[in-house]
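Hi,

Here is the structure I promised to pass on. My notes on its helix packing follow below.

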Amino acid sequence: MEKFYKPEKKSNLLGFVMLILAVTVAGCAVSALYLWINSILPLIYFCVAAAVLFGIGMGFLVGFIIDKFKITSKAIAVVGVVIGCLLFTYFKWGLYDAWDYEAYLYDWMKDYNAYEYYGFEDDFGELTNENITYAIEEMQSMSCYDYYGGDENYDLISEYFTADEIETLKSMTYYEFCGYDSLLGGTAEHAIRSLQRAKLMSLYEYDYEYLGDVKEGGLFQVLTNPKLLWEDIVLINEEGRWSITSNSSSSSSTEPATVNGVILMIVWIAELLIICIIPIAAANSKAGIPFIVKDNKWAKQLATTNVNFNDDIGPKRLREEITRDCDIIIRRAGSECTSAKAVRYYVSVFHSEDFEENYIDVSFSPKNNKNNSTNTVIKHLAVDKKYLFSLFKAYGEPFPFDTSEFGIDQPVIEENAEVML
């Protein structure tokens, strides 16, 4: 019999894969909601609360998947959650970047008229459709250099263009030089229709709805191009996307300070830790509970029991003695603690349905413990039913199992009753 609980070495590939999928899919879905909420309520306290709730929700999901698929290895559970967190964090950044493109690259385009923005008024403003047709034919048949006056106007042209640029002007038509072939179309008929649409459309509508241009920074493009995503993150970090204003009466400036650089990076790291540490801790805790193979269930836990020791037994020495001889807990029954330095130890019992497979934890609360936290001394020490019988008998507590096999007939206490040691 092993002295401490050891999970089965049997692999659980299905559980591992399902854990990764569940964390990834749920994390991606919640990330979208999380980013949307932060965008409409950009308050620091609310953002922190949202991150905590995000992590808690993922923690509950992780516990459910581990329980459902009986993932008994802490290593597998933690690795699965870490992989899932990395995947949905990548998606979250991709989604944030895609929305950033919309907010900072495309939204302004909705406020501009396409006809005015492209300056179509300069070449076509006063022309009728018939004259537009003639003008386009002329633009398409004449080089840009000749359109600007050619050799007769060389002195003026050379003031605005270099020699290499002038050669380029000679090789292109004016229509091509202005980009009208892509903005208006290749024929006069198409150009007339495009000009009419441009007068009625915003720049955004004209480019991406009428012309059908492919927008940069779409979610799929960002997610499939890690280099682009990283470059965008670096740019966002340099520029910053939000600011804070000092409420201090001593502040001489009311200008909001943009959060960027190292400070913004620290904020991002803190957000990542808040969201991911909770589900990772949940995986480590849930998978760390002993699993009873013959019951095909997780071990049940009795309510915490407690025991007092004299002050000459410190946590380190206690661990050594219990590991060597766990009967020390039984022998301490009835001992009086008179020292002000005494430490209170707690014993938790995990058991199978029939109490034939059992484990105990021993922990203590540090002095001046304001958070009611406990430190573990012994974790999942294997003990048999006879040991539990002796333990409860020594401390005069009711038995949570049938004791007739030990020659004692006593009512069985309810499963979750507390045992005071």
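In which hand does α3 cross α16? The crossing is right-handed (the near helix is turned clockwise from the far one by less than a right angle). Bear in mind that this is a predicted model, where local features need pLDDT of at least 70 and side-chain atom pairs 80 or more, while totals for chains, interfaces and linings use all residues. Residues are numbered from 1 along each chain as its sequence is written, and side-chain values use heavy atoms, without hydrogens and water.

Helix α3 (residues 74–106) packs on α16 at about 155°, with the axes 9 Å apart. That makes the two roughly antiparallel (angles over 145 degrees). Residues of α3 that meet α16 include Val 81, Cys 85 and Phe 88, and their partners in α16 include Leu 272, Ile 275 and Pro 279 (contact means heavy atoms within 4.5 Å). By class, this contact has 15 nonpolar, two polar and three charged residues.

α16 (residues 261–287) also packs with α15 (residues 226–239), at about 120° and with axes 7 Å apart. That pair is oblique. Ile 233, Ile 236 and Asn 237 of α15 touch Gly 261, Leu 264, Met 265 and Trp 268 of α16.

Then there's α17 (residues 315–324), where Leu 318, Glu 321 and Ile 322 are buried (under 20% relative accessible area; exposed is over 50%, with a 1.4 Å probe and protein chains only). They span an arc of only 95° around the axis, so they sit on the same side of α17. Lys 316 and Arg 324 are exposed on the face turned away from that side.

Cheers

Terms used: Axes are lines fitted to C-alpha atoms, for helices over the stretch in contact, and angles run from 0 to 180 degrees between N-to-C directions. Helices (H or I, at least four residues) and strands (E, at least two) are DSSP runs, numbered from the N terminus. Angles under 35 degrees count as roughly parallel, over 145 as roughly antiparallel, 65 to 115 as roughly perpendicular and the rest as oblique. The arc is that of the directions from the helix axis to the C-beta atoms. Ala, Val, Leu, Ile, Met, Phe, Trp, Tyr, Cys and Pro count as nonpolar, Asp, Glu, Lys and Arg as charged, and the others, Gly among them, as polar.
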